[in-house]
Amino acid sequence: KQLAPPPSPPPRPFIEKSPSVGYILPITQQNDRFSVSFCPNPKLDFSGQCELRISQRGISLYDTQRDEVVENWPYEFIRRYSCKKTEFNFEAGRRCNTGEGMFAFTTSSADAVQIYNLVRRRSEMI
């Protein structure tokens, strides 16, 4: 009998790099990306329409107009997170590049719940 070859290992995730961000996170799948509006915050010089990407290791803010990552927040440095109606928000700890602070994003109510559930599932895996 001829044995079947062993299954090939799963593909390694692509890595997204940004010169302005001190660390890298894996690129997310299409269903892990959400169109949001970033609420102005004194900790980050950015606001307006963007994309929130939820990876296996953290949350990334992505500027779709400039095609670049604005900021990454690893799950281990996120203190808490919540969603209310059309808003998802989280509190970053002092070890994040932005330092301590609350960050808020508005989106559809369905997406806010989906973002919350995805962040909860992925942060529990770490």
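How many salt bridges does the count come to, if a salt bridge is a side-chain nitrogen of Lys or Arg within 4 Å of a carboxyl oxygen of Asp or Glu? The count by this rule comes to 7 salt bridges. The model is predicted, so local features need pLDDT of at least 70 and side-chain atom pairs count only at pLDDT 80 or more, while totals for chains, interfaces and linings use all residues. Residues are numbered from 1 along each chain as its sequence is written, and side-chain values use heavy atoms, with hydrogens and water left out.

| Salt bridge | Closest N to O |
|---|---|
| Arg-53 with Glu-51 | 2.7 Å |
| Glu-91 with Arg-80 | 2.7 Å |

Burial is judged here by relative accessible area, where under 20% is buried, over 50% is exposed and anything in between is partly exposed (1.4 Å probe, protein chains only). Arg-53 counts as buried because its relative accessible area is 7%, and Glu-51, at 15%, is buried as well. The charged end of Arg-53 also sits over the ring of Tyr-62, 3.5 Å from the ring centre, a term that requires NZ of Lys or CZ of Arg within 6 Å of the ring centre and within 35 degrees of the ring normal.

In the next pair, Asp-63 is buried at 6%, whereas Arg-66 is exposed at 57%. Likewise, Glu-91 is buried at 13%, whereas Arg-80 is exposed at 54%. Arg-79, Arg-80, Glu-91 and Glu-100 are linked in a network of salt bridges.

For the aromatic side chains, rings of Phe, Tyr and Trp (its six-membered ring) pair if their centres lie within 6.5 Å, and planes under 30 degrees apart count as stacked, over 60 as edge-to-face and the rest as tilted. The count by this rule comes to 10 aromatic pairs. The rings of Phe-38 and Phe-46 have centres 6.2 Å apart and planes at 40°, so this pair is tilted. Phe-38 is buried at 1% relative accessibility, and Phe-46 is buried at 13%. Phe-38 and Phe-103 form a stacked pair, 6.4 Å centre to centre with 20° between the planes, and both of these residues are buried. Phe-38, Phe-46, Trp-73, Phe-88, Phe-90, Phe-103 and Phe-105 form one aromatic cluster.
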